[in-house]
Amino acid sequence: MVRGAADAASKLILLGEHAVVYGECALAIPLRRPRAEAAVSGALPGRPVAIELEDFGIRWDGRKRPVPPEVRSFVRIIAAAAERFPQIPARGWKMSVRSQIPSGCGLGSGTAVSAAAFRAIFRYFRVPYTERTVSELVYEIEKLHHGNPSGIDNTVISMNRPILFRRGAAPRVITVPRKSCFFIVGHTGKRHSTAAVVAAVARARSGRRAEYDAIFRSIGRLSKRGARAFEQGHWRELGKLMDRNQELLKRLGVSSPELDALVGAARSAGTLGAKLSGAGRGGCMAALTTDPACARRARRALQAAGAVATFVTRISNHG
Ligand code: MEV
């Protein structure tokens, strides 16, 4: 990889979204594809840092005001990087960012572009960074977009390993078993705002606290069992836990007719379990199988049920 280039994985929450905001465990995995990429290179000395966002067709020269809204996070990323490592100059370089990860769909697109951007800056300026630093800095950026992030997205994307995550505790790395499986992901085509869905759950909880907290605790228990099932390759068990988690997410009010349709289609295609993944109310769902023919069938079923994009990812400890 060239000196100032870096990338970052997307992520899939297998169990525990929303409950994780309230201190329960959640299980998440990084996905090698789709990914985000960033590259830093030198520019004319003295010029302000320029930012190119290839997906938006934006080339910002560092001077024009107002700063385009899509560029603002990257301006903050640069400021945060320079604050942490004062040897990073305030002028004379440029950064370009692009991502294959659709935004607002639960796959961690914002987190991944931030992680790729920090890594590219640190690599270009040869600062000695750790993935923990990347995670902490990305978390600060997440807080600007979504008032109460649990920290699961920045942690799984920076660690790039499956984790059982609990807010405020060290994440537990989950080993990938020998027996492989496939996750089939379907995108409803509806973008969601994680901040808005998390805030809606908080509002609903304020009127029904005991009920919501009991649901969160049940989800937390499913996540812990799911982590054991994942490590042991007990995929049938993990599928059942995903189904149960989906029912609890519906009770929290974060599913949607489109998600329910895709989840139903994946189950009818014979998968071991299916649920929404991420904040919900749109975005993506994921289904599990060990059978490649079933994965193909489920993908076709998702397309027929209205998914605007689908992909299959294989989880395996041998590449
Ligand atoms: C978003 O990927 C997962 C949520 O649980 C929010 C969070 O954990 O910050 C919905």
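How far is an oxygen atom of the ligand from a polar backbone atom of His 18? In this predicted model, the separation is 2.9 Å.

**Around the ligand**

The ligand is surrounded by 13 residues, and the closest are Lys 11, His 18, His 146, Ser 150 and Asp 153. The table lists the distances.

| Residue | Part of the residue | Distance to a ligand oxygen atom |
|---|---|---|
| His 18 | polar backbone atom | 2.9 Å |
| His 146 | N or O atom in the side chain | 3.1 Å |
| Ser 150 | N or O atom in the side chain | 2.6 Å |

Taken alone, the ligand would expose 300 Å², and the protein buries 96% of that area.

You will find His 18 in the loop between β1 (5–15) and β2. Its phi angle is positive, at about 70 degrees, although His 18 is not a glycine.

**Two cis peptide bonds**

Now follow the chain to two prolines. The peptide bond from Arg 33 to Pro 34 is cis, and its omega is near -5 degrees. Pro 34 belongs to strand β2, which covers residues 26–42. Another cis bond runs from Arg 65 to Pro 66, with omega near -5 degrees. Pro 66 sits in the loop between β4 (58–60) and α1 (69–84).

**A pair of helices**

Finally, turn to helix α5 (residues 194–207) and helix α6 (residues 209–232). These helices pack at an angle of about 125 degrees, and their axes are 5 Å apart. On the α5 side, the contact is made by Val 201, Ala 204, Arg 205 and Gly 207. On the α6 side, Arg 209, Tyr 212, Asp 213 and Phe 216 take part. Sorted by class, this contact has 4 nonpolar, 1 polar and 3 charged residues.

Notes
Residues numbered from 1 in each chain as written. Predicted model: local features only at pLDDT ≥ 70, side-chain atom pairs only at ≥ 80, totals over all residues. Heavy atoms only, no water. Axes fitted to C-alpha atoms, helices over the stretch in contact; angles between N-to-C directions. Helix = DSSP H or I, 4+ residues; strand = E, 2+ residues; numbered from the N terminus. Contact = heavy atoms within 4.5 Å. Nonpolar A, V, L, I, M, F, W, Y, C, P; charged D, E, K, R; others polar. Near = heavy atom within 4 Å. Polar contact = N/O pair within 3.5 Å; in protein donor to acceptor, adjacent residues only side chain to side chain. Areas by Shrake-Rupley, 256 points an atom, 1.4 Å probe, with all protein chains shown as cover.
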